[in-house]
Amino acid sequence: MQRTRRLRRTPALRALAAETVIRKEGLVYPVFVRWGENVREEVPSMPGVYRYSVDRLAEVVDAVLAAGIGGVMLFGIPEHKDERGSGAYDENGIVPQAVRAIRAHCRARGREMVVIADICLCEYTSHGHCGVLEGGEVANDASLSLHAMSALAAVRAGADMVAPSSMMDGVVAAIRTALDDAGYPHVPIMAYSAKFASAFYGPFRDAADSAPQTGDRRGYQMDVRNGREALRELAIDEAEGADILMVKPALAYLDIVRAARERTLLPIAVYNVSGEYAMVKAAAAQGMIDERRIVEEILTAFFRAGADIVITYHALDWAKNGGNV
Ligand SMILES: [Zn+2]
């Protein structure tokens, strides 16, 4: 008889035969940076996640260093918003300030982490869309140079990597060209390649204050129903020069991750988004689930599906509590 149970009998045998490990160096913690001083405020819909002012970032940077995870991804919440999202490409904007503060703090500690800047306009535009509006629509080509300027501002401040999240056509190529021309050919791009128009983003918009004032993002983010189109998006971004391809959200899209893994040689990232996090926290707070086991199972599933990098709000808690068990 085929006896697959032989290798499940003891913890040691199971550990020996395990196919998947959660690599904590492959985890990225998203950090919300907001204007103001001496601010650390919890995001109401995301228990355990905070918005920090630049002067309080050291706390989260130290936690990330102590946890030994790969790095952080920065999202900015500016004091002022305008039609063209100028805070996104201000060299003294909130994200460049945060990057410089994190770099300085890491230097003082003699430690390193990867600092990734999310690149989009939606946190900075008064209308909340990811590009500039023309005739009530998000204008793709007119937005590209603004995304490129935003990437340059982050990289000049010291970001290791930029991650364009707008789903504008051609944004990866525009950023690649801008970085190369400005003397940053070594800076990689993590492309939000297959970013779906998902209801799982709800709590993030609360955190980043970036909900569209009118309409929604279905005109540029992907239709939830389309898997083949996602692979096309990934292929286009790879051809435009992306170094890492991302699928977002994560849990309901692992079929895309697996299909991508079988087609590309590039590293694949998944973004375990705010709504996915909030559901786990809410169920755990009700005593309905064992949070730690659920988080471990979820993170394992991402790596098993083929992800190399996992962007997740669970990263700090998971790594802090001792990692893989
Ligand atoms: Zn956006």
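What covers the buried residues of α8?

1. Before you start. This is a predicted model, in which local features need pLDDT of at least 70 and side-chain atom pairs count only at pLDDT 80 or more, while totals for chains, interfaces and linings use all residues. Residues are numbered from 1 along each chain as its sequence is written. The helices (H or I, at least four residues) and strands (E, at least two) are DSSP runs, numbered from the N terminus.

2. Helix α8 and its cover. To answer the opening question, the cover over the buried residues of α8 includes β9, α7, β10, β11 (268–272) and α10 (291–305). Buried means that 20 or more other C-beta atoms lie within 10 Å of the residue's own, exposed means 12 or fewer, and partly exposed is in between, with C-beta atoms placed from the backbone. In α8, the residues Ile256, Val257 and Ala260 are buried. They cover an arc of only 100 degrees around the axis, which puts them on the same side of α8. That arc is taken from the directions from the helix axis to the C-beta atoms. Asp255 and Glu262 are exposed, on the other side of α8.

3. Helix α7. The expected span here is 1.5 Å times one less than the number of residues. Ala230, Glu233, Leu234, Asp237 and Glu238 are buried in α7. Their arc around the axis is only 135 degrees, which puts them on the same side of α7. Arg228 and Ala239 sit exposed on the other side of α7. The cover over the buried residues of α7 includes α5 (171–181), β9 (190–195), β10 (244–248) and α8 (254–263). Just after α7 comes Gly241, with a positive phi of about 110 degrees.

4. A cis peptide bond. Look at the step from Lys248 to Pro249: this peptide bond is cis, and its omega is near -5 degrees. Pro249 belongs to the loop between β10 and α8.

5. Helix α3. The length check works here too: the 16 residues of α3, at 1.5 Å a residue, should span 22 Å, and its end C-alpha atoms are 23 Å apart, which agrees. Buried residues in α3 include Ile94, Val95, Pro96 and Gln97. Among what covers the buried residues of α3 are β1, α2, β4 (71–77), β5 (114–119) and α4. Gly110 follows α3 and has a positive phi, near 65 degrees.

6. How α3 meets α4. Two packed helices are described by the angle between their axes and the distance between the axes. The axes of α3 (residues 94–109) and α4 (residues 140–157) come within 8 Å and cross at roughly 20 degrees. That makes α3 roughly parallel to α4. Axes are lines fitted to C-alpha atoms, for helices over the stretch in contact, and angles run from 0 to 180 degrees between N-to-C directions. Angles under 35 degrees count as roughly parallel, over 145 as roughly antiparallel, 65 to 115 as roughly perpendicular and the rest as oblique.

7. How α2 meets α3. Helix α2 (residues 57–67) packs on α3 at an angle of about 55 degrees, and their axes are 10 Å apart. The two helices α2 and α3 are therefore oblique to each other. On the α2 side, the contact is made by Leu57, Ala58, Val61 and Leu65, while residues of α3 that take part include Ala98, Ala101 and Ile102. Two residues are in contact if their C-beta atoms, placed from the backbone, lie within 7 Å.

8. Two residues with positive phi. Asn38 has a positive phi of about 55 degrees although it is not a glycine, and Asn38 is in the loop between β1 (27–34) and β2 (40–43). Asn38 counts as exposed because it has 8 C-beta neighbours inside 10 Å. Met167, also not a glycine, has a positive phi of about 60 degrees. Met167 counts as buried because it has 25 C-beta neighbours inside 10 Å.
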